[in-house]
Amino acid sequence: MATWNSRGLRGSLLEEVINRTNEQYREKNLALIQKVPTPITPIRIDKESRHITLAYFEKKSTVDYIGVVQGVPVCFDAKECHRDAFPLANIHEHQVRFMQDFEAQGGVAFLLLFFAERDAFYYLRFEEMMRFWERGVSGGRKHFRFEELDPGWILERGRDSVLLPYLKGLKRDLELRD
């Protein structure tokens, strides 16, 4: 059984940006995306702050977000990377299987990556993620570098009226599938 204990708020900035973006998309009637809660069993709670400081994961979660965009089912996971090399160990096998099954049912799966050192957000198509994943499982590098990514999928903030315009990446992804 996996345990969790507070190691700061890893990924909380990325999660907050995505949550706020999802609210903006909902308000504009463009998408309905929800954060998938990770089921935990609290073990230790700080009595003063009432925060959970130690817990057990009840089961493996699937992805961070799931929903629908203009009739298209989508699921995605959000990952933060502090260097230019993204470790494939940050993507778990059960998540890959879930995304494969989701895509097989006609949905669109992807990753939103945040390269903190570069302050860059990236839309990683499922197909591209699988290329890196398969390279790793067949004995190749167990990470991919920022330089290996297509710069056309970097999400430029400030050009839309939303914090993180990942629907632009999704639109392009869908166009390539047609």
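**Entry 1: helix α4**

I started with helix α4, which runs over residues 166-177 and holds 12 residues. From first C-alpha to last it reaches 17 Å, close to the 16 Å expected at 1.5 Å a residue. A note to myself: this is a predicted model.

Next I asked which residues of α4 are buried. I found Y166, L167, G169, L170 and D173. They sit on the same side of α4, because they cover an arc of only 150 degrees around the axis.

I then looked up the second largest pocket, which holds about 160 Å³ of space. It is lined by 10 residues, and the closest to its centre are G152, I154, L155, E156 and K168. My helix turned up again here: α4 gives the most to this lining, with 3 residues. By type, I noted 4 nonpolar, 2 polar and 4 charged residues in the lining.

**Entry 2: aromatic rings**

How many aromatic pairs does the structure hold? I have 12 in my notes.

One of them is F115 with F146, an edge-to-face pair at 4.9 Å centre to centre, with 75 degrees between the planes. F115 lies in strand β8 and F146 in the loop between β10 and β11, so the pair ties together parts that are 31 residues apart in sequence. I checked burial too: F115 counts as buried at 1% relative accessibility, and F146 is buried at 12%.

F132 and F144 are stacked instead, at 4.3 Å centre to centre and 15 degrees between the planes. This pair joins helix α3 to strand β10, and both F132 and F144 are buried.

Last, I noted a cluster linked by ring pairs: Y25, Y65, F76, F110, Y123, W153 and Y166.

How values were computed:
Residues numbered from 1 in each chain as written. Predicted model: local features only at pLDDT ≥ 70, side-chain atom pairs only at ≥ 80, totals over all residues. Heavy atoms only, no water. Helix = DSSP H or I, 4+ residues; strand = E, 2+ residues; numbered from the N terminus. Expected span 1.5 Å × (residues − 1). Buried < 20%, exposed > 50% of the residue type's maximum accessible area, 1.4 Å probe, protein only. Arc of directions from axis to C-beta. 1 Å grid on protein atoms, 1.4 Å probe; cavity = no way out; pocket = protein on both sides within 12 Å on 5 of 7 lines; lining within 4 Å. Points joined across faces, edges and corners; volume = space filled by probe spheres on them. Nonpolar A, V, L, I, M, F, W, Y, C, P; charged D, E, K, R; others polar. Phe/Tyr/Trp six-rings, centres within 6.5 Å; stacked < 30°, edge-to-face > 60°.
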